[in-house]
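Please keep the sequence and the 3D view at hand while reading.

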Amino acid sequence: MKKKAVLLWVTGCFLCGVAMTGCGPMGQLRNVARMSGAESGIEEKAGSKEEKEEEKKKAADSETPVLGGEAVEGFEDFSYLYEETLTAYMEEDTEIGKVKRKTVTVYIPEGNASGINAELPGTAYADTFGVTFRFSLNSYLISGQEEKTVAEKLQGYMDETYPDKNEKKKKSHKADYEGLELSEVEKIGQDAAVARAEYFVWNDEKEEYGIVYGTYYLKELEPDLLALLEVEVDSSKAASKTEELLKELEAFYEVDLEWNSDEAQEKLEDYLAGKEEEEVPGAIEGIIEFDYPKGWALDENYSDEGMLIYAPGGDSDGAGCGIAITSLDSFGVTDDVIGWLGDEEYLSKFIEEGLGEGAENLTVRYYGNTCIGETALAEFIYTEEGEVIDCRLYLGGDDEKIYIIVAVQFQWLEMNTFEVAEELLEKGKVR
């Protein structure tokens, strides 16, 4: 829109001047948002326990080695694992002046990217058949927690590995994840615990999404010796031999590893279908779906994931008019918002504060009940280099969102952008 993108200016000023500064009702909403945390959980899926018990029984009958058990010399029944010895460095023995060491026999997946980490004693790694394997003795990530139970130690590790995304802290070693679901930490007897995670990741090499199933197992081998096993299966890298490898890992480490290829494919398809819906213009969560007049389109120069702008020809600058839609989470305070909408004097000060300098001839009135709930209307003008722009800002809310719709047009324009906005408010549907 000539010198300044007025739609962006109006909406941006309103959001930044009010919502982000902590002033007025939107500031209160943001303060609520800052204090809110997101929790998610998933129920552990029930498998065939009889089959698992039978497998464990067969393993015992064939003298399959297990973590922390007696070594089985000459064992060669594993097709995908090989034997290694890891050394855990314990505290110094002051009586003899030497560092105590303990050795543990482990089995590691074979592959080009597998082995012992020489720079970090007591650790092993592997990445093969879509399975990422990590094992460590007395992990430094769980150090200094001697007074806690094994389950509490694992919970602390999960909290560090998958911190709340609302918190500004980095994940320890995880790639970016989407759609994260975490299980509760489950105790296994007196000396072990397990937790599980599911999330979606983008595979740069294949240019496709995959779903990751993660199992995190902590076992106390001795009072001062902890073993941490992490096994993550990425569907975008999994192969026909993935399940066979997992069965061998389950046999040695005595823990059920989360993976189901059919279920993974179904969940991935559902997730991708949801992403395609989100990418449809006007179908973003919390945004209003509306059939715009023929010739109107999304202005991709200014629209983003937080704000959609529509204009004739998809060009608000060239058309001299447009409509912007955005929303904020209400966090359950919609009743307060409705109260603010009914107080025109307070709302006038609120909107004036949000717009700051530049808005002239401001009037505010209650508009009515629309597709965005109880709605207020603010009308004002903005002048730039002699050009007068008429602006209308609609503010409303429902149980989940506070909605802001801004319609603008140059006064010389023959069409009536505000009629389009009013039809949107009447016939629009909130996702």
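Helices (H or I, at least four residues) and strands (E, at least two) are DSSP runs, numbered from the N terminus. The model is predicted, so that local features need pLDDT of at least 70 and side-chain atom pairs count only at pLDDT 80 or more, while totals for chains, interfaces and linings use all residues. Residues are numbered from 1 along each chain as its sequence is written, and side-chain values use heavy atoms, with hydrogens and water left out.

**Whole chain**
- The secondary structure of the protein chain comes to 10 helices and 19 strands.
- Of its 431 residues, 44% count as buried, where buried means under 20% relative accessible area, exposed over 50%, and partly exposed in between (1.4 Å probe, protein chains only).
- Among contacts with a separation of 6 or more, 57% are made by residues 24 or more positions apart; contact here means heavy atoms within 4.5 Å.
- The protein chain exposes about 23,100 Å², of which carbon and sulfur atoms supply 44%; accessible areas come from the Shrake-Rupley method with a 1.4 Å probe, and for residues only the protein chains shown count as cover.

**K241 and helix α5**
- K241 is found in the loop between β10 (225-234) and α5 (242-253), and this residue is partly exposed, with a relative accessible area of 40%.
- Not counting residues up to four places away in sequence, K241 touches Y80 and F129, and its C-alpha atom is separated by 9.7 Å from that of T128, 113 residues apart along the chain.
- Helix α5 has 12 residues and reaches 16 Å from its first C-alpha to its last, close to the 16 Å expected at 1.5 Å a residue, the expected span being 1.5 Å times one less than the number of residues.
- The buried residues of α5 include T242, L245, L249 and Y253, and the helix is followed by E254, whose phi is positive, near 55°.

**Nonpolar core**
- The largest nonpolar core has 40 residues, and those with the most contacts inside it are F133, F135, L249 and Y253; such a core is a set of buried Ala, Val, Leu, Ile, Met, Phe, Trp, Tyr and Cys residues joined through side-chain atoms within 4.5 Å.
- Leaving aside neighbours within four places in sequence, F133 is in contact with residues including Y107, L229, V231, L249 and Y253.

**Strands β12 and β13**
- Strand β13 (residues 307-312) is largely enclosed by the rest of the structure, because five of its six residues are buried.
- Strand β12 (residues 296-298) runs antiparallel to β13 and is joined to β13 by three bridges, where two strands pair if DSSP finds at least two bridges between them.
- The bridge partner of W296 in β13 is P312.
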